[in-house]
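Work through the following exercises with the sequence and the structure open. Each task is followed by a worked solution.

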Amino acid sequence: MSSNEKIVRTQAQQVGPFSGSNNNVDIRMNGGQVVNMAKSYIECELRANITPATTDTTSSGIYDIECKLGTNNSNPAFSVGLVRNCRLSSQNQGMLEEVNRVDILKTNLNNLTMTRDEKLSLSVSSLAQTKNYGKQRYGLFGDLLSEGTDKSKQVVPRVKIPLSQLFGLGEQSQLDLNRTGDLNFHVELNNAILQASIPTANFDATMIVCQKAGSGAGVIPSSSANLKSVDLNVKFQTLDQLPYWVGQHVTFTGSATGGATFTTASQVISGISRAPGDGTVTLTFASDITTTSGSESWADVVCTPDVTGASATISIENVSLVSTELMNASPSGQVSYFTYETEQLTVSATNKLSQIFTLPPACIGYYAMFPQAETLTSGFTNPKEYRNRLDNEQETSRPVEFDSPLYYEQIRRTLINGGMRLRDLNLYTDVENDPNGSISGGGKWEMVMNATPQTQGNKILQMNISATANNNGPASINVYKQIVKVL
């Protein structure tokens, strides 16, 4: 922040926690100032409500909370998914923008207009993050410490939703509110889509083999009285790769010999250290892990997180607007910006869809998306082709087959005409990114879009979409009409 900027936080008029019946938020930004909208954002304060593992009788364990939007495991989970509908009006100019289902629009456009590296970089602040080398996806709800004796802790994260993801005026680096007067922001939260879980032991089995110091792999030998620490069999170059943290609730499993009985008493890690020489990692516990005597011993010992019966839910506790006021800025002239009008339809999922839409004169392009249940992705089963007509003229010289070169060319042209760039064609839903760069995913994202000219009157769009089999077409369709406005 420069000396010519001032950060202002404005609380929502409603009080949280926000739920399905209390999900409308109104915030007023005072006029008489010049604001950098591109640096401003709506901030949601989230809280994880945790039910500890059944064996965690003292509730002393610290848990990793994995969050996703609906049933979609894709990461990053864009923060705009927390807003279902949004509206921006002003004291002097009236209604400026109103975008319904902005969560679906921006989630799908982000996956087209951001490079894969850009999307992965958002994992720092995303609700759903990239898997680490322990195959766990750390979330925002824990400050997980993998070294020393300071205990990890659960935290209350603040998730930022940039105004540029909600409104066309949100992309302006300088907006003069002397002309507009007070700005009124209204957002309808999509909190019902927030889902949380506590990951189970899903990491590489070789990482969790442990033994008493100086013993063979996975061995706790006889006469191991008052054993409060174990060494991991795998050596770690850095603790960033470690699938454990101080305060983690774990349990031990293995086999017993010499008359010993293998117990699976749960423990909480009280300390983690790494020998700088050979990379041996030692896990320390507050109480005894086990006591063996005589010829009793343990073998094949592994230390795994104990999350049996543990669960979590997420609530939105508070919402505020953080704006960047520009000091000593000169009043600006007129501002041209893009926004969207939304038309939503529920249709019969047949093998052919033919539907008429009206596009306003200032419309420069349309984006047809097909929402899938419980996700924010656009697609439908077995898409085949489409061929649309604008004002009774064919938009293309032949049918556009999904995932064909012409299909991607239509996407590229439409995005360029709308002031965006096509940067990624890895359009798979439910994608999970591993640290080694591999991905796993489900079906393809599918969209229909095209650029349109500005006209003096309304334009009539006839959309004709085919699937490869009956009852496999889209069951719902959202048409986002991109229009040009001048303030």
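Is Arg9, at 42% relative accessibility, buried, partly exposed or exposed? The model is predicted, so to speak of local features a pLDDT of at least 70 is needed, side-chain atom pairs count only at pLDDT 80 or more, and totals for chains, interfaces and linings use all residues. Residues are numbered from 1 along each chain as its sequence is written, and side-chain values use heavy atoms, with hydrogens and water left out.

**Solution 1.** Step 1: apply the cut-offs, where buried means under 20% relative accessible area, exposed over 50%, and partly exposed in between (1.4 Å probe, protein chains only). Step 2: Arg9 has 42% relative accessibility, so Arg9 counts as partly exposed.

**Exercise 1.** Find the salt-bridge partner of Arg9 and state where the two residues sit.

**Solution 2.** Step 2: Glu43 meets Arg9 in a salt bridge at 2.7 Å, N to O. Step 3: Glu43 lies in strand E3 and Arg9 in strand E1, 34 residues apart, and the pair links distant parts of the chain. Helices (H or I, at least four residues) and strands (E, at least two) are DSSP runs, numbered from the N terminus. Step 4: Glu43 counts as buried because its relative accessibility is 4%.

**Exercise 2.** Which residue meets Glu5 in a salt bridge, and is Glu5 buried or exposed?

**Solution 3.** Step 1: the structure holds 11 salt bridges. One of them joins the side chains of Glu5 and Lys39, at 3.0 Å from N to O. Step 2: Glu5 belongs to strand E1 (residues 5–11) and Lys39 to strand E3 (residues 34–51), 34 residues apart, so to assign them it is enough to read off the two ranges. Step 3: Glu5 has 13% relative accessibility and therefore counts as buried, whereas Lys39, at 44%, counts as partly exposed.

**Exercise 3.** Describe the salt bridge between Glu188 and Arg84, then the sheet that holds their strands.

**Solution 4.** Step 1: the side chains of Glu188 and Arg84 meet at 3.9 Å, N to O. Step 2: Glu188 is in strand E11 (residues 183–189) and Arg84 in strand E5 (residues 83–90), 104 residues apart. Step 3: Glu188, at 21% relative accessibility, counts as partly exposed, and Arg84, at 29%, counts as partly exposed. Step 4: an open sheet of 4 strands has the order E2-E11-E5-E6, with antiparallel pairing. Strands pair if DSSP finds at least two bridges between them. Step 5: the edge strands, each pairing on one side only, are E2 (24–29) and E6 (94–100). Step 6: E5 and E6 pair over 6 bridges in the antiparallel sense, and Ser89 has Met95 in E6 as its bridge partner.

**Exercise 4.** What is the strand order of the open sheet that contains E22, and which helices lie across E22?

**Solution 5.** Step 1: the order of the 4 strands is E20-E31-E22-E29, paired antiparallel. Step 2: strand E20 (336–346) and strand E29 (447–451) are the edges. Step 3: E22 (residues 363–369) pairs with E31 (residues 476–486) over 6 bridges, and Tyr366 stands opposite Lys481 in E31. Step 4: helix H1 (residues 102–113) lies across E20, E22, E29 and E31, at about 95° to E22. Helix H4 (residues 405–417) lies across E22 and E29, at about 55° to E29. Contact means heavy atoms within 4.5 Å. Axes are lines fitted to C-alpha atoms, for helices over the stretch in contact, and angles run from 0 to 180 degrees between N-to-C directions. Step 5: H1 also lies across E5 and E6, running at about 105° to E5.

**Exercise 5.** Classify the ring pair of Tyr407 and Tyr408.

**Solution 6.** Step 1: rings of Phe, Tyr and Trp (its six-membered ring) pair if their centres lie within 6.5 Å; planes under 30 degrees apart count as stacked, over 60 as edge-to-face and the rest as tilted. Step 2: the structure holds 8 aromatic pairs. In the pair of Tyr407 and Tyr408 the centres are 5.2 Å apart and the planes at 75°, so the pair is edge-to-face. Step 3: Tyr407 and Tyr408 are both buried.

Note on methods. A salt bridge is a side-chain nitrogen of Lys or Arg within 4 Å of a carboxyl oxygen of Asp or Glu.
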